[in-house]
Amino acid sequence: MKSISSMRDYLVGVLVALSMGFGTLAFAQATPAAAPPAAAPNTVAVENPYGIDALWAQGDIVAKGTLIILVIMSLGSWYIGVVKLIEQQRLVRDAKEVREKFWKAPSAKEGTGLLNEDSAYRFIAEEGTQAAEHHEGTLEEQIDLNSWVGMSLQRSVDTIAEKQQNGLAFLATVGSTAPFVGLFGTVWGIYHALTAIGIAGQASIDKVAGPVGEALIMTAIGLAVAVPAVLGYNWLVRRNKSAMAAVRQFTSQLHMLLIASGHKESRRG
């Protein structure tokens, strides 16, 4: 009898449990699901909350201004580097043209006309031949032909050298200041991290990771801007020295040619 009663009590308990489970399920289906929490009105959803997108979307005006300055520095340095490289390649090509055309001409004036109109060597040759042909007048007669032609050629070489140096100062400035601009962004990001810790009252990773990530990104961008500018500046300065050495060699040879031609004409006269 005890086994029959215990079996009966067990079946009753199972039925009660099943009835309670079905009732709970029915109540859950009848009750509407709770709405998901609404996003904060001023937050911007980004895929990577610690990347550059988050830096721009969640950064303040100081962080955005620092990033814009670094981008301008990078674009300016790359633009100047490409332009100066093209100018140096043109100067090297003009030197090759001088060897092939100018020195094979019967005279300096005819050789000058064979060069390209935008050639730096043609500019120097025109200045030198004009100075040799127009060595006249009361003031110019007080200066000998050698000094007068040498001064004219030196002025033209200085003009070419100054043109080749244009823009390199910007590369030097970017290379020396971009790390400090990135460091400023780093300090600003650490300040935001400390502010977030102070407001939260605890140094949790979710309060610190964003501002610290912003600081590290600023440091990386500053170095990425400075390193190419420094390397490009040193490389272009070295190429400028070799290109201007060829220009000065041509100038000295032209100087000797013009002086010799002037003495020949004076003897004939």
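Select Glu-97 to begin: with 8% relative accessibility, Glu-97 is buried (buried is under 20% relative accessible area, exposed is over 50%, and partly exposed lies in between, using a 1.4 Å probe and protein chains only). Glu-97 forms a salt bridge with Lys-101, and their closest N and O atoms are 3.4 Å apart. A salt bridge here is a side-chain nitrogen of Lys or Arg within 4 Å of a carboxyl oxygen of Asp or Glu. Lys-101 is partly exposed, at 35% relative accessibility.

This is a predicted model, in which local features need pLDDT of at least 70 and side-chain atom pairs count only at pLDDT 80 or more, while totals for chains, interfaces and linings use all residues. Residues are numbered from 1 along each chain as its sequence is written, and side-chain values use heavy atoms, leaving out hydrogens and water.

**The other salt bridges**

The count of salt bridges comes to three. Select Lys-84 and Glu-87 next; their side chains meet in a salt bridge at 2.8 Å, N to O. Both residues sit in helix α3 (residues 61–100), three residues apart, which is about one turn of the helix. Helices (H or I, at least four residues) and strands (E, at least two) are DSSP runs, numbered from the N terminus. Lys-84 is buried, with a relative accessible area of 4%, whereas Glu-87 is partly exposed at 21%.

Then go to helix α5 (residues 120–133), where Arg-122 and Glu-126 lie four residues apart, again about one turn of the helix. Their side chains form a salt bridge at 3.0 Å, N to O. Arg-122 is buried at 17% relative accessibility, and Glu-126 is partly exposed at 37%.

**Helix α6**

Select residues 145–165. Helix α6 has 21 residues and spans 30 Å from its first C-alpha to its last, close to the 30 Å expected at 1.5 Å a residue; the expected span is 1.5 Å times one less than the number of residues. Colour its buried residues, among them Trp-148, Leu-153, Ile-160 and Gln-164. Just past the end of α6, Gly-167 takes a positive phi of about 95°.

**Asn-240**

Asn-240 belongs to helix α8 (residues 205–268). Is Asn-240 buried or exposed? It is buried, with a relative accessible area of 2%. Show its side chain together with that of Gln-88: the two make a polar contact at 3.0 Å. A polar contact is a pair of N or O atoms within 3.5 Å; within protein, one must be able to donate a hydrogen and the other to accept it, and residues adjacent in sequence count only if both atoms are side-chain atoms. Leaving aside residues up to four places away in sequence, Asn-240 touches Gln-88, Gln-164, Gln-165 and Leu-168, where contact means heavy atoms within 4.5 Å.

**A surface patch**

Switch to a surface view and select Phe-180, Leu-183 and Val-187, which make a nonpolar patch of about 320 Å². Patches are made of residues with over 30% relative accessible area and no salt bridge, with like charges joined within 9 Å and nonpolar side chains (Val, Leu, Ile, Met, Phe, Trp, Tyr) within 5 Å. Val-187 is part of helix α7 (residues 168–200).

**The whole chain**

Zoom out to finish. The protein chain has eight helices and zero strands. Of its 269 residues, 31% are buried. The chain exposes about 17,700 Å², with carbon and sulfur atoms supplying 64% of it; accessible areas come from the Shrake-Rupley method with a 1.4 Å probe, and for residues only the protein chains shown count as cover.
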